[in-house]
Amino acid sequence: IYEQSCEAYRHQGRTSGFFYIDSDGSGPLGPLRVFCNITEDKIWTAVQHNNTGLTRVQGADPEKPYTMTFNYNSSAEQLEAMINSAEYCEQEAAYHCKKSRLLNTPNGMPFAWWVGRANEKHLYWGGSIPGIQQCACGLEESCLDMRYFCNCDADREEWTNDTGLLAFKGHLPVTQIVITDTNRSNSEAAWKIGPLRCYGDRQFWNAASFNTEASYLHFPTFHAEVSADISFFFKTTAISGVFLENLGIKDFIRVEISSPKEITFSIDVGNGPTEATVQSPTPLNDNQWHYIRAERNLKQTSLQVDSLPKKVLEAPTEGHFRLQLNSQLFVGGTASRQKGFLGCIRSLNLNGQKLDLEERAKMTAGVKPGCPGHCSSYGNLCHNGGKCVEKYNGYSCDCTNSAYEGPFCKEEVSALFEAGTSITYIFQEPYPVTKNASTSSSAIYADAVMSKENIAFSFLTAHTPSLLLYLNTYFHEYLAVILSKNGSLQVRYKLSKDGLLIFTIDSGNFANRELHHVKINREGKELVIQVDQVLKLKHNFSEIDFKAIKSLTLGKVTDSFSLDPEVSKANAYGFTGCLSSVQYNHIAPLKAALRHPSIAPVTVKGSLTESSCASIMEADVNTVTTIYSSSDPFGKTDEREPLTNAVRSDSAVIGGVIAVVIFIIFCIIAIMSRFLYQHKQAHRSSQTKEKEYPENLESSFKADIDLQNTVSECKREYFI
C-alpha cells in the first residue's frame with residue numbers, strides 16, 4: 001500500500017510532508033509514519049520521539065540517576081529496517097553543563113551514557129566514533145581544557161557544552177539517556193537528543209545492467225512455498241527476455257517480457273502452469289523505467305505493470321498448493337541460459353527482502369553494477385525549464401535557468417513591490433565598443449539581433465496604471481508591459497522601423513487583487529500572447545529587428561527619457577503589488593535579485609520583500625498588509641506621503657486620539673452654548689413670571705440631563 005522510502009515518494013513528484021513508509025514491502029513489518037523533507041538533493045527522512053526539546057536536570061547522582069527513555073511510536077524492528085535501508089543516519093546529541101561532568105575523561109567511569117539498538121550501552125558522545133570514550137572536541141583537539149576529551153569534563157562553574165552527531169547506523173536509534181552528575185553544589189545540566197534523521201535509499205537505485213543474453217546473476221533459492229511477492233523496475237530495448245526464474249523438480253516461477261507489449265508471470269505448483277499476462281497499449285521496450293509487481297498466494301495469482309489494470313487469476317480450490325523450488329534463483333536469465341534479459345533491473349524485492357544486485361554484479365562477468373539514463377524516465381519531473389542532471393543513484397533537477405526553484409523547479413520565487421521599487425538586469429554588450437572605433441554601431445550589433453522573446457511572469461495588484469516589465473535596447477527600442485488606467489493589459493513594442501505597436505488585452509480588469517499569468521512568445525515575426533493560460537492574441541510582424549538588448553526592468557524605470565506618454569504615465573507609479581517567477585529567455589531577473597544579488601548583474605532600488613503571491617491571493621487584504629509588507633500593496637497611495645505601515649505607528653495613534661478629543665471639545669462647547677442660552681431665557685422669564693420658576697427649574701434640570709446624555713453619546717462615539 002505504501003512506498004518503501006521517502007526517495008520513492010520523491011520520484012512520484014511528491015513534496016515535503018508526513019508519509020507512511022513500509023520498509024519491507026509485503027513483509028511482516030507495519031508502516032511507519034515519518035516526515036519526508038523533499039527540499040534538496042538529499043531526501044531526509046525524520047522520525048520524532050517523545051522528547052526532542054532541551055531538558056534541564058538537577059539532583060542526579062550514581063545512586064539516583066536521571067533516566068529518560070525515548071518513544072518513537074514504532075517498533076524497534078521498524079526503525080532498524082528504515083536505518084538499514086538508508087545510506088546515512090544521524091541523531092544530534094547535546095549536553096549543556098555547569099559543574100556537571102559527562103564522560104569523566106580521560107580515564108574515569110562515565111557520568112552519563114546513552115543506550116542504542118539492542119539495549120547496548122554506549123560510552124562515546126556526539127561527534128565521536130564508537131570505541132573511543134570521547135566527545136567531538138576530543139577528536140578535534142579543541143576542548144576547553146586539553147587535559148580532558150570533553151568540554152564538560154573540565155568541571156567548570158560556567159555553562160559550556162558538548163554537541164555533535166551520532167552517526168554510526170548500527171547503534172541507532174538512541175533509546176535512552178542516563179545522567180548521574182548534577183547533585184553537587186551549583187551543579188546543573190541540560191540535554192537534547194534530536195530526531196532520527198536518514199537520507200538515501202540503498203535499495204531504490206540498486207541496479208544491475210545485463211549486457212549479453214547469456215549473462216545473469218544468481219542468488220539462493222527463493223523460498224515462496226505458500227506466498228510470493230516480487231517487485232522491481234526494468235528498462236530495456238529488447239523484444240523479449242526473462243527477468244527472473246527459479247526452478248524445482250517440477251515446479252517453477254518465472255517473470256518475463258514475452259513481447260514488446262506483454263509481461264507474463266508464470267508459476268507451477270504441480271497442477272500445471274498458470275500464466276498471468278498484462279498487455280500494454282504502448283511498447284514497454286522503450287528504454288524507460290517500468291514497474292512490475294507479481295504476487296501469488298493460496299487464493300490468487302496477480303500481476304501489475306505500471307498503472308495498468310491488474311491481472312488477477314483465482315487459485316484452484318483443489319490440488320497442490322505448495323511451491324517447491326530447489327535450484328538457485330536466476331536474475332536476468334534462465335537456468336538454460338537462453339532467452340536472457342538485455343537491459344537494466346532495479347530495486348528487486350522478494351517477499352520484503354531486498355536483493356543487492358550491485359554487489360553481486362561486481363563479481364559477475366557480463367553484468368555491470370548500476371544503470372545510467374535515469375533522466376530518460378524521470379526528466380519530465382523537472383518543470384519550468386529545469387534541467388535533469390544524471391547521477392549514479394538517480395537524478396536531480398538543475399533550476400539555474402528557471403524562474404522557479406525547489407527539487408522539481410516548481411516552487412515560485414516572488415516578491416512584493418512598493419511604489420518606486422525597481423529591479424534592473426543589465427545585459428552584457430555583445431561586443432566591446434571603443435571611442436575610436438570606426439565601425440558603425442549598426443555593424444557592431446548586427447549579429448546581436450534577438451530572434452525571439454520568451455517572457456513569462458505572474459502578477460497581482462490593485463493599482464492602475466502600472467508598469468510591470470520594460471525591456472530596452474541600445475538603439476532606444478523597447479518592449480513594455482503595462483496595466484492601463486482601466487485595468488486592461490498592454491504589450492507595447494517600439495521598433496526603429498515600424499514605430500510603436502500596441503497590443504491590448506481588454507478581456508477584464510487585471511488589477512483585481514487576483515493572480516494573473518502572462519506569457520509573451522515571439523519567434524521571428526510571429527507574436528503570441530497568453531493570459532491565464534488562454535490565447536489572447538496572435539500577430540505577424542512585417543519586419544522586426546529587436547537587437548542589442550541593454551537591460552530589463554521590473555517596476556519603475558529610472559532612465560525614462562525615451563518612453564512614450566502612456567508608458568511614462570504608468571511609470572510614474574511604477575508597480576505596487578506582487579510579481580512572481582519572472583522569466584526572460586534563459587534569464588530569471590527576479591530570482592537573481594533575491595537569490596544572487598551580489599554576483600548577478602542586477603540592481604535593486606526601493607523596498608523589495610520576498611513573499612508568496614499565491615498566499616497573498618488567498619489571504620484577506622488587511623491580513624496581507626500586516627503579515628507580508630510594511631506597506632499596503634493594494635490600496636491607493638499618494639506618492640507625496642510615506643507609505644502607510646501595516647502596524648500603525650505611534651504618531652498615527654496619537655493623531656487619531658487628538659482628533660477625537662477635539663471633536664469631543666466641540667461637542668461640549670456646542671452643548672454648553674445651548675445650555676447657557678436656555679438658562680438666559682429662563683432667567684428673563686423668571687423676572688416677568690416668577691410663578692413659573694419651578695417649571696423653568698425643571699427645564700434647567702432637563703437641560704442638565706440632556707448635557708450629560710449628549711456627553712455620554714460623544715463618549716460612545718469616541719469608543720467606536
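Figure 1. Take the contacts in the chain with a separation of 6 or more: residues 24 or more positions apart account for 66% of them. Keep in mind that this is a predicted model. The chain has 720 residues, and 47% of them count as buried. It contains 12 helices and 42 strands.

**Figure 2. The disulfide between Cys6 and Cys36.** The count of disulfides comes to 10, and here we look at the one formed by Cys6 and Cys36, with sulfur atoms 2.0 Å apart. The pair ties together distant parts of the chain: Cys6 belongs to helix H1 (residues 6-10) and Cys36 to strand E2 (residues 32-37), 30 residues apart. Turn to the S-S bond and you'll find a torsion of about -75°, so this disulfide is left-handed. Cys6 and Cys36 are both buried.

**Figure 3. The disulfide between Cys97 and Cys152.** In this view Cys97 is joined to Cys152, S to S 1.9 Å. Again the link is between distant parts of the chain, with the two cysteines 55 residues apart. Cys97 sits in strand E6 (residues 88-98), while Cys152 is in the loop between helix H3 (136-140) and strand E9 (160-166). The torsion about the S-S bond of Cys97 and Cys152 is about -95°, which makes the disulfide left-handed. How buried are the two ends? Cys97 has a relative accessible area of 2%, and Cys152 has 1%, so Cys97 is buried and Cys152 is buried as well.

**Figure 4. A right-handed disulfide, Cys344 to Cys371.** Cys344 and Cys371 are joined by a disulfide, S to S 1.9 Å. Which hand does it have? The torsion about the S-S bond of Cys344 and Cys371 is about 80°, so the disulfide is right-handed. Cys344 lies in strand E24 (residues 343-350), and Cys371 in the loop between strand E26 (367-369) and helix H5 (375-378). These are distant parts of the chain, 27 residues apart. Cys344 counts as buried at 8% relative accessibility, and Cys371 counts as buried at 5%.

Figure 5. The structure holds 26 aromatic pairs. One of them is Tyr378 with Tyr395, a stacked pair at 5.7 Å centre to centre, with 5° between the planes. Tyr378 counts as buried at 9% relative accessibility, and Tyr395 counts as buried at 3%. Elsewhere, Phe457 and Phe459 make a tilted aromatic pair, 6.3 Å centre to centre with 40° between the planes. Both of these phenylalanines, Phe457 and Phe459, are buried.

**Figure 6. An aromatic cluster and charges over rings.** Tyr378 and Tyr395 also belong to one aromatic cluster, along with Phe204, Trp205, Phe233 and Tyr291. What sits over the ring of Tyr395? That would be the charged end of Arg10, 5.0 Å from the ring centre. Another arginine, Arg346, lies over the face of Trp289, at 4.6 Å from the ring centre.

Terms used
Residues numbered from 1 in each chain as written. Predicted model: local features only at pLDDT ≥ 70, side-chain atom pairs only at ≥ 80, totals over all residues. Heavy atoms only, no water. Helix = DSSP H or I, 4+ residues; strand = E, 2+ residues; numbered from the N terminus. Buried < 20%, exposed > 50% of the residue type's maximum accessible area, 1.4 Å probe, protein only. Contact = heavy atoms within 4.5 Å. Disulfide = S-S within 2.5 Å. Phe/Tyr/Trp six-rings, centres within 6.5 Å; stacked < 30°, edge-to-face > 60°. Lys NZ or Arg CZ within 6 Å of the ring centre and 35° of its normal.
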